[in-house]
Amino acid sequence: MTDHSIDRRTAIGTIAGAAALGAFAAPSHAASVLSPEALGWNKATGAYELPPLPYAYDALEPHIDAQTMRIHHDKHHAGYVRGLNRAIVMLRDIREGKGDVGLIKHWSRELAFHGSGHVNHTLFWTGMAPAGKGGGGYPAGDLAERIDRDFGTFEQFVAQFKAASKSVEGSGWGWLVLDTLSGRLLVTQTEKHQNQTMTGAVPLLGVDVWEHAYYLKYQNRRGDYIAAFLNVVNWPEIGRRYDAARR
Ligand code: MN3
């Protein structure tokens, strides 16, 4: 076993509690498409750091506005990273006999919510790219073939993805996932960050449909926001995740 695999297990293992509470099932599922480095795992401190956006705040204009990106990344996502790190520390204290055992349920829930929030947002930012510069267009290669096989056509996939994402009740996410048990692509919904009922689902493409993701620019027009999101999907990255998930 290499040092890297130990590091990976340690990093993702801290989110394992989230899995038990309904986040993306086994930690290996998110781990197959996201490295500890991509999640900002700092081996020296044993904590996560907020990864910077892979492009400028205004790079996704006019589809996603700069003000929304700045608040969403610097405030909301940063808050999930802080919450995750705090839950890790509190659960570590309880394991070492220093914490309040009666609060295990509370901190486990905190770990699930903030850990899933961190994973989801990391996938979200890197799943987008400026329109015409890696963003938008169509998937290619094996992923394109699998979408055609499992949805009929790309357009039929888009229709299902839009409908599922638009109809998430309250705050949540719309997803394209690979169900590793059946080997099929599926469109699913997640309530909040962590309530993902599918087990064995590897997240490939996710759209954040919490109001903080679109309300400044789109107000109540969630469908318009989802249509705009599809103009900045980084299909080469989603294809890479698909290839990684099948290994
Ligand atoms: Mn969000």
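Here is a friendly conversation about the predicted model shown above.

Reader: What should I know before I start on this model?
Author: Welcome! This is a predicted model in which local features need pLDDT of at least 70 and side-chain atom pairs count only at pLDDT 80 or more, while totals for chains, interfaces and linings use all residues. Residues are numbered from 1 along each chain as its sequence is written, and side-chain values use heavy atoms, with hydrogens and water left out.

Reader: How many helices and strands does the protein chain have?
Author: Helices (H or I, at least four residues) and strands (E, at least two) are DSSP runs, numbered from the N terminus. Counted in this way, the protein chain has ten helices and five strands.

Reader: What share of the residues of the protein chain counts as buried?
Author: Buried means under 20% relative accessible area, exposed means over 50%, and partly exposed is in between, with a 1.4 Å probe and protein chains only. The protein chain has 247 residues, and the share that counts as buried is 53%.

Reader: Among contacts between residues at least 6 apart in sequence, what share joins residues at least 24 apart?
Author: A contact means heavy atoms within 4.5 Å. Among the contacts in the protein chain between residues at least 6 apart in sequence, the share that joins residues at least 24 apart is 69%.

Reader: At what angle do helix α4 and helix α5 pack?
Author: Axes are lines fitted to C-alpha atoms, for helices over the stretch in contact, and angles run from 0 to 180 degrees between N-to-C directions. Helix α4 spans residues 66-95 and helix α5 spans residues 104-126. Their axes are 8 Å apart, and the angle is about 145°.

Reader: Is the crossing of α4 and α5 left-handed or right-handed?
Author: A crossing is left-handed if the near helix is turned anticlockwise from the far one by less than a right angle, and right-handed if clockwise. By that rule, the crossing of α4 and α5 is left-handed. As for the residues of this contact, they divide into 15 nonpolar, twelve polar and two charged, where Ala, Val, Leu, Ile, Met, Phe, Trp, Tyr, Cys and Pro count as nonpolar, Asp, Glu, Lys and Arg as charged, and the others, Gly among them, as polar. To return to your question, the crossing is left-handed.

Reader: Which residues touch the most other members of the largest nonpolar core?
Author: A nonpolar core is a set of buried Ala, Val, Leu, Ile, Met, Phe, Trp, Tyr and Cys residues joined through side-chain atoms within 4.5 Å. The largest one here has 63 residues, and those touching the most other members are F157, L185, L204, L205, Y225, F229 and W235.

Reader: Is V207 buried or exposed?
Author: V207 sits in strand β5. Leaving out residues up to four places away in sequence, V207 touches F124, F161, S165, G172, W173, G174, Y225 and F229. Because its relative accessible area is 0%, V207 is buried.

Reader: Where is H63, and why does H63 count as buried?
Author: H63 is in the loop between β2 (47-48) and α4. Setting aside neighbours within four places in sequence, H63 is in contact with A131, K217, Y218, A228, N231 and V232. H63 counts as buried because its relative accessibility is 17%.

Reader: Which peptide bond is cis?
Author: Most residues other than glycine have a negative phi, and most peptide bonds are trans. P62 is found in the loop between β2 and α4. With omega near 0°, the cis bond runs from E61 to P62.

Reader: What is the phi of K192?
Author: K192 is found in the loop between β4 (184-191) and β5 (201-208). K192 counts as partly exposed because its relative accessibility is 39%. Although K192 is not a glycine, its phi is positive, at about 50°.

Reader: How far apart are the C-alpha atoms of D150 and L186?
Author: D150 lies in helix α6 (residues 141-151), and it counts as buried because its relative accessibility is 12%. D150 and L186 are 36 residues apart along the chain, and their C-alpha atoms are separated by 8.0 Å.
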